[in-house]
Every structure is written in structure tokens, then in C-alpha cells.
Amino acid sequence: MSEDGDETAQALPDALSVPLEDFCTHLVADLSRSAHTVEAYRTDLTELFTDLAGHGVTRLADVGLADLRGWLARQRSAGMAPATLQRHWASIRVFFRWTRDEGLTATDPAAVLRSAKVPKRLPRTLGIDQARRILDDAVAAARTDETPKGARDAAILEVLYGSGIRVAELCGLDLGAVDRVRGTLRVLGKGDKERTVPLGDPGMRALDAWLGRRGEWMSEVSGDAVFLGARGGRIDPRVVRRVVHQHLRTDGEAPDLGPHGLRHAMATHLLEGGADLRTVQEILGHESLATTQIYTHVSTERLRRAFNQAHPRA
């Protein structure tokens, strides 16, 4: 909990602040949501309750559909982005469904609340040739680097692209999670859900090259972490993002997308190569197939552009 968020929550009437904190406890204890996710819910709902209290609504039982619509309308009038409105709508829906299930409210006032329309934007991604150049250049640079950094950075890029795992999952990798016989990694994803993902030969070779030099950076705080920082501790996500940005900038034609861009690229290239959607969903660790389907749109858009550029009757 942030100090600012705590002070704001304490300023609310107990009839609102107590259920809010109980809800946040439920998110952690029952749903295993991350601290970042819980803080986002707390912030959204604190803003809602502060607004409602200012309009005389100080009890959950008094919150109606019109109150929720009024809050979202005021936010829209103030120029809030559709994506942020969508997030606030989602926070309201989850919270009031919980209050109904817990018997804190007789009904769910948000059950028929319509969400804000968010324009769909396809994620930019790397082309196959761009990804290949960036990875090949990183591996080549590692061979000329006298420190372990080059080998580590090349392994970071190869593992992110080769397996499609998230930055947090890469940072959390332990030595026992690497299965060289099967060519897989065991990762702990969102909601503490474990899954096994394949890693191709280039990724495993780069990983082995780094592990061969890992001992040079080991310290008493290294533990079983696969990837280390220069001081020997488990690598920080900010370092991973910096590494990816640095290498993407070396290719003049590649968009600077960061680590998630490598995940997007991997998923898109798998589908373009003939992988089925369910397989990609399992590799990425998506709970909903709808989340994975965005990559089919990316692939289709690429085909459309290629068709328009090349076909004489397009």
C-alpha cells in the first residue's frame, strides 16, 4: 500500500474504507493478485468512494447504478482517456460483484454498467528478419565482451524471444527451472500459476553461455537465480528493460518496443509459422483465449499489407 493511498483511504467513512481494505485482502489472499494489481484496484476505488462521499453517498447500500454512471461521466467530461475509463469500469465491476457475493450489498449496482469504448490498436511488433538480426548481433557482441555482461544480455534477449515469457517471469527464473533434456523452462506466471514453456536451441545455447560465466558475478545473495546483476543479486526488471531497449536501438529499422515487444513478436511469428491459437495461449500463459487472439489480428494485418503492396489488382 502506498502512503498516499493509505491516507486517502483513511479519509473515507468507515462504511466505505473498511470494505475496500477487506476487498484488497481478498485479492491477495484468495486470488493471489500482485501488489501492483491490488494497488491499482485500491486507487480506482478510493477515487470512486471519494467522489461518491462528496455527493453525499457514504454507505455501500446507498450506491446505485446512477451514482456509478455519474462518476464515470464526470471522468469522461474531465478528459480521462478511454483506456483509463475502461480500467475504472473493470474495478467497479469486480468490487461490486464481490460485495454482492459477500452479502455486503443486496444487489450488484454495476452489473449492467456499460464499459467505455476503447479504440482497438494492434501492437507493433518486430519482423522475423529484424528479430533475427538483433539476436545475432547480441550473440556476436557477447563473444567479444571480456565481462559476463555480453553473455548475460544475449541470453536475456534469446530467452525472452525464444520462450515468450514475461520480464517478471525471466527475473524469477531459478537454476532448477532449466530442463536441458526437454529444452524447456518452468516459470511462475501471474496468480502464481506455474507453466512449462519450450526454449529453442539458440536460446538454450545462449543460456548455457551465460551460465558458464555466471560464477564470475556470484555472491552470497545470488541464491538460485538464473540471471544476476553485476553485484551478484537477482537481476532487476529495470535492468532487463534497459538491456532490451539498448539492443533494439542498434537496429535502425526496428521499433523500440521493449521486452514486451519480444513477447509480441514471438507470438506473432509462431502463428505466422502455423502454430494453433491454443498452443500459443498455453505458452504465453494467457487465462483467456481472447487475449491471445490479438496476435491473429496482427498476422492478418501483415498479410493484408503485403497483399496490397504486391498484388496488381489489390
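Tutor: Some terms before we start. Axes are lines fitted to C-alpha atoms, for helices over the stretch in contact, and angles run from 0 to 180 degrees between N-to-C directions. Helices (H or I, at least four residues) and strands (E, at least two) are DSSP runs, numbered from the N terminus. This is a predicted model: local features need pLDDT of at least 70, side-chain atom pairs count only at pLDDT 80 or more, and totals for chains, interfaces and linings use all residues. Residues are numbered from 1 along each chain as its sequence is written, and side-chain values use heavy atoms, with hydrogens and water left out.

Student: At what angle do H7 and H9 cross?

Tutor: Roughly 155 degrees, for H7 (residues 149–163) and H9 (residues 201–211). Their axes come within 8 Å. H7 and H9 are therefore roughly antiparallel (over 145 degrees).

Student: Which residues in H7 and H9 meet?

Tutor: Contact means heavy atoms within 4.5 Å. From H7, Ala-151, Arg-152, Ala-154, Ala-155, Glu-158 and Val-159 take part. From H9, the partners are Pro-202, Gly-203, Ala-206, Leu-207, Ala-209 and Trp-210.

Student: What follows H4?

Tutor: Gly-79, with a positive phi near 90 degrees.

Student: How many helices and strands in the protein?

Tutor: 14 helices and 3 strands. Of its 314 residues, 43% count as buried.

Definitions and conventions: Parallel < 35°, antiparallel > 145°, perpendicular 65-115°, else oblique. Buried < 20%, exposed > 50% of the residue type's maximum accessible area, 1.4 Å probe, protein only.
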